Amino acid sequence: MVWGLVSASLVFWILRLGVKAPSVPPYTVVKLADPLAGEDFSRMLGAEASPRQAGSPSVPPAEAARFQLLGLVAGVTPDSPSALALIAVDGKPAKPYAVGARLGDGWVVQSVSQRSVALGPEGSQTPGAVLEIPTLPPASTGRIEAAVPSP
């Protein structure tokens, strides 16, 4: 019985040592979030709280922060070469806006380019804000590992 347990243990450990752990593909990128980025630890060390931390009203956001660019369409049809911008205003569902369209509260779409939209006050030629679509991350590339035949 003892020799049976010893041989079973020996077989178990030989099988454990012979197995290769699954590896991470070489094109995998590990992205770690820094949980302490932007934190203020001065209060922990005894400093007085700043007015913002004490609960005073924060500074209102810029007027242009109300708009979020979600997409662009250029050359909708061959008959109408106009461009449209898909913009969400004040967190509401996005709507398409053409050049010259009013967004509300005196803001208009001044121009639409390939990756950005210029917004400005009504009647002004200078843009008050430029909204841009973020660039897409590079495509994932790699190789397919050879399939291991099952026994």
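**Reading the fold, the sheet and selected residues**

A: In this predicted model, an open sheet of four strands has the order β4-β5-β6-β7, with antiparallel pairing. Its edge strands, each pairing on one side only, are β4 (102-104) and β7 (129-132). From one strand to the next the twist averages 35 degrees. Such axes are lines fitted to C-alpha atoms, for helices over the stretch in contact, and angles run from 0 to 180 degrees between N-to-C directions. Residues are numbered from 1 along each chain as its sequence is written. Because the model is predicted, local features need pLDDT of at least 70 and side-chain atom pairs count only at pLDDT 80 or more, while totals for chains, interfaces and linings use all residues; side-chain values use heavy atoms, without hydrogens and water.

Q: How is strand pairing to be read, and how many bridges join β5 to β6?
A: Strands of a sheet pair through backbone hydrogen bonds, either parallel or antiparallel. Two strands count as paired if DSSP finds at least two bridges between them. Strands β5 (residues 107-112) and β6 (residues 116-121) run antiparallel and are joined by five bridges; V109 has L119 in β6 as its bridge partner.

Q: Which strands form a hairpin, and which turn residue has a positive phi?
A: The hairpin consists of β2 and β3, with five residues between them, and D90 in the turn has a positive phi of about 55 degrees. Four bridges pair β2 (residues 83-89) with β3 (residues 95-98) in the antiparallel sense, and I87 stands opposite K95 in β3.

Q: Is R66 buried or exposed?
A: Buried means under 20% relative accessible area, exposed over 50%, and partly exposed in between (1.4 Å probe, protein chains only). R66 has a relative accessible area of 18%, so this residue is buried. R66 is found in the loop between α1 (2-18) and β1 (67-74). Of the 151 residues of the protein chain, 15% count as buried.

Q: With which side chains does the side chain of R66 make polar contacts?
A: A polar contact is a pair of N or O atoms within 3.5 Å; within protein, one must be able to donate a hydrogen and the other to accept it, and residues adjacent in sequence count only if both atoms are side-chain atoms. The side chain of R66 makes one with the side chain of D90 at 2.7 Å and another with that of D105 at 3.2 Å.

Q: With which residues is L72 in contact?
A: Contact means heavy atoms within 4.5 Å. Neighbours within four places in sequence aside, the contacts of L72 include L84, A85, V112, V117 and I133. L72 is found in strand β1, and its C-alpha atom is separated by 8.5 Å from that of I133, 61 residues apart along the chain.

Q: How are the rings of F12 and W13 arranged?
A: Rings of Phe, Tyr and Trp (its six-membered ring) pair if their centres lie within 6.5 Å; planes under 30 degrees apart count as stacked, over 60 as edge-to-face and the rest as tilted. A search of the whole structure finds two aromatic pairs. The rings of F12 and W13 have centres 5.2 Å apart and planes at 80 degrees, so this pair is edge-to-face. F12 is partly exposed at 45% relative accessibility, and W13 is partly exposed at 48%.

How values were computed
Helices (H or I, at least four residues) and strands (E, at least two) are DSSP runs, numbered from the N terminus.
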